[in-house]
Number of protein chains: 2
Amino acid sequence: MVTISDIAAALGVTPSTVSRALSGSPRVKEETRIAVERMAAEMGYERNIVASNLRKGRSDIVGIIVPRIHRNFFSNVIGGAESILEAAGYCVLICQTHERFDAEVKALRTLRNNQVAGVLMSHAIGSDNGKHIQEVLGDRIPLVQFDRVFSDLPGAKVVSNNFEGAYAATKHLVEQGYRRIGTLAGYMNSEAYAARLEGYRQALRDCGLPVDESLVHYDTIVRETGFDAGLKAIEAGCDALYSAGDFSALGAIEAARSKGLRIPEEFGIVGTANEAFTSLMTPKMSSLALNPFEMGRQAAQAFLSGEEGTVVVPMELKVRESSSRNEQQNLSTYA
Amino acid sequence: MVTISDIAAALGVTPSTVSRALSGSPRVKEETRIAVERMAAEMGYERNIVASNLRKGRSDIVGIIVPRIHRNFFSNVIGGAESILEAAGYCVLICQTHERFDAEVKALRTLRNNQVAGVLMSHAIGSDNGKHIQEVLGDRIPLVQFDRVFSDLPGAKVVSNNFEGAYAATKHLVEQGYRRIGTLAGYMNSEAYAARLEGYRQALRDCGLPVDESLVHYDTIVRETGFDAGLKAIEAGCDALYSAGDFSALGAIEAARSKGLRIPEEFGIVGTANEAFTSLMTPKMSSLALNPFEMGRQAAQAFLSGEEGTVVVPMELKVRESSSRNEQQNLSTYA
DNA sequence: AATCATTGTACAAACGTTTGTATTATTCGT
DNA sequence: ACGAATAATACAAACGTTTGTACAATGATT
């Protein structure tokens, strides 16, 4: 491997000059800079990033920690963040926590020990608060939280307007004539889910419907728990559900189907996240779409700018068959 | 940040002893090792990985390069590889190429410059051969290819039995009574797709059916191209398709539907990859399942062991509604 | 008691960069 | 043409670890 010393020797200058030339310092003459660049290209030089990082005390790696990369939402956030960070000369180190607290701590340690320039993360369901995050990261490594955030941690945050989104989804169900609407609320240690639950409650109140706490099903985030909660909801006389997740909504649909209920005529449902399968299944599932690519972009921007505020990315309700009782709209092939 | 020198100073020994103690060298006395370990824990020491990497000339990072992380197949490969690598003390750096050649080269450079311990990769469709891979990686960085491999590159390879799988899928269609079976073959610069195409051809031959090359649709890998090729296939009188991808199969289904054909009665289809949506849509799509998690595990194992052979991971045909014309099996809710 | 293994530690040189300070070359005003 | 100011480069020390070699201490062997 060719080093800056090799280039320096070849040109009869010192390594420091080469280093400055290559990093575009104004302290080297235009002429030498060009000579250095040409020689570097000729000799096939490439900067040893590890050495550079050691000296500088930080790297050009930005760590992204997500519960699971295969979730549509998270892989799109990553894609959005990547698009910004790559252009800015960073590369991206992705870690999965599989929703486990210990894996999250380990990921944080790994990133810190690799001296990442910053961390973008959405915490695991297994994390109750952000103490461990602050502990591992300290105040040297900038943190940007997205989607699932601990609002008492410092640093920028990018969130969806969960309250308004869930409000709209619930109101939509009411407008479709459903009257006993339950919810699959998710985990309350996530502020995102808590906000959705509040939006659901407020919508019911504003529509003059009672808020029946027995229709709120907590800890429902995957297909299986959605199925179980769906059965209970039907048992309790629900005619519709707003689910804070798509997979649990899918479970609930399966529950309704297993009870012989027709969707959307006898049972309506709106999920959240707009996973790919929602528009491929039959009936097509209505879903409250997040805007993950944009969230990723915003998170990356926040990291780059260093600003600490909270960015809100709006959600969009995708009305499809599973909640369209009034006018059965005929959706196009690609909807 | 506390360094080994701090620990050394605190104990009255030298940094080298501390380093050896912490890495478990037999050259330090049990007693001192324990003292060092205690002091390290007490002072909250954590090894500076960047410095360590610089000195050792390599890192504990294994790079994984995939076309797109959100594909079910790839995210599962990553999951499988992670499960092995993490246990072995490595961490994983994930790069996406978005099927673009230039992005692939850039990812390779990034990984090499970060002195990764090894690279696991599945090349982009945009790559015609592996010259750039060998060029960037040299012979210092071990390479393991999976799924899409260039067989003339050195290093271990993990592949599916694409020939046998496609053979089985095609034969299944014949057994279901389809007689004019086309294929959405994918890109021929990928050996995986080429092998599937051969399996398809051989199955037709073995079943005594003619191989009509006009029914082979190349470059069909996404929904849109699948739709277009599906229309052409129907035009040409096909009554079934074996698709080397699920998304293109989905497009073909939509094409058949747009022509008013009933599935599977009038048109049968089998996809490949067993994407999540295949079992959620209506009709449920038959698919030739890869075993991505296992492939990831095998790739990681191959990296760890340093063995150079080719590992074959078997595929499994998931027969569902889209190709079940004979006996309409009633599949369970969770199938 | 002197010699020789053996064991444990210390010393010091790397790894390739970056960067503060010192030094030399150049330019400019007078 | 000389000194001052400025520009360009050289020098050298870091960043924190690892590791080959040298050294000292211990114990065994004759």
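Student: In β11(B), which residue is the bridge partner of Ser160(B)?

Tutor: Strands are DSSP E runs of at least two residues, helices are H or I runs of at least four, and both are numbered from the N terminus. Two strands pair if DSSP finds at least two bridges between them. Here, Ser160(B) bridges to Val313(B) in β11(B). Strand β5 (residues 156–160) of chain B runs parallel to β11(B), and the two pair over four bridges. This is a predicted model, in which local features need pLDDT of at least 70 and side-chain atom pairs count only at pLDDT 80 or more, while totals for chains, interfaces and linings use all residues. Residues are numbered from 1 along each chain as its sequence is written, chains are lettered from A and ligands numbered from 1 in the order in which they are written, and side-chain values use heavy atoms, without hydrogens and water.

Student: What is the strand order of the open sheet in chain B?

Tutor: The six strands run β2-β1-β3-β4-β5-β11, with parallel pairing. β2 (91–96) and β11 (310–313) of chain B are the edges; each has a single partner strand, so one side of each lacks a neighbour in the sheet. The twist averages 15 degrees from one strand to the next. Such angles run from 0 to 180 degrees between N-to-C directions, with axes fitted to C-alpha atoms, for helices over the stretch in contact.

Student: Which strands does helix α5 (residues 72–87) of chain B touch?

Tutor: Contact means heavy atoms within 4.5 Å. Helix α5(B) packs on β1 (61–66), β2, β3 (118–121) and β4 (143–146) of chain B. Its direction makes about 170 degrees with that of β1(B).

Student: Which side chain meets Glu86(B) in a salt bridge?

Tutor: A salt bridge puts a side-chain nitrogen of Lys or Arg within 4 Å of a carboxyl oxygen of Asp or Glu. Lys106(A) is the partner, at 3.8 Å, N to O. The pair crosses between chains, from helix α6 (residues 101–113) of chain A to helix α5 of chain B. Over all chains, the count is 33 salt bridges.

Student: How many residues surround DNA strand C?

Tutor: A residue is near a strand if one of its heavy atoms lies within 4 Å of it. There are 26, and the closest include Ser19(A) and Thr32(B). α4(A) gives the most to this surface, with four residues.

Student: Which polar side-chain atoms lie by a phosphate oxygen or a base nitrogen?

Tutor: A polar contact here is a pair of N or O atoms within 3.5 Å. Thr32(B) lies 3.0 Å from a phosphate oxygen of DNA strand C. Arg20(B) lies 3.3 Å from a base nitrogen.

Notes:
A polar contact is a pair of N or O atoms within 3.5 Å; within protein, one must be able to donate a hydrogen and the other to accept it, and residues adjacent in sequence count only if both atoms are side-chain atoms.
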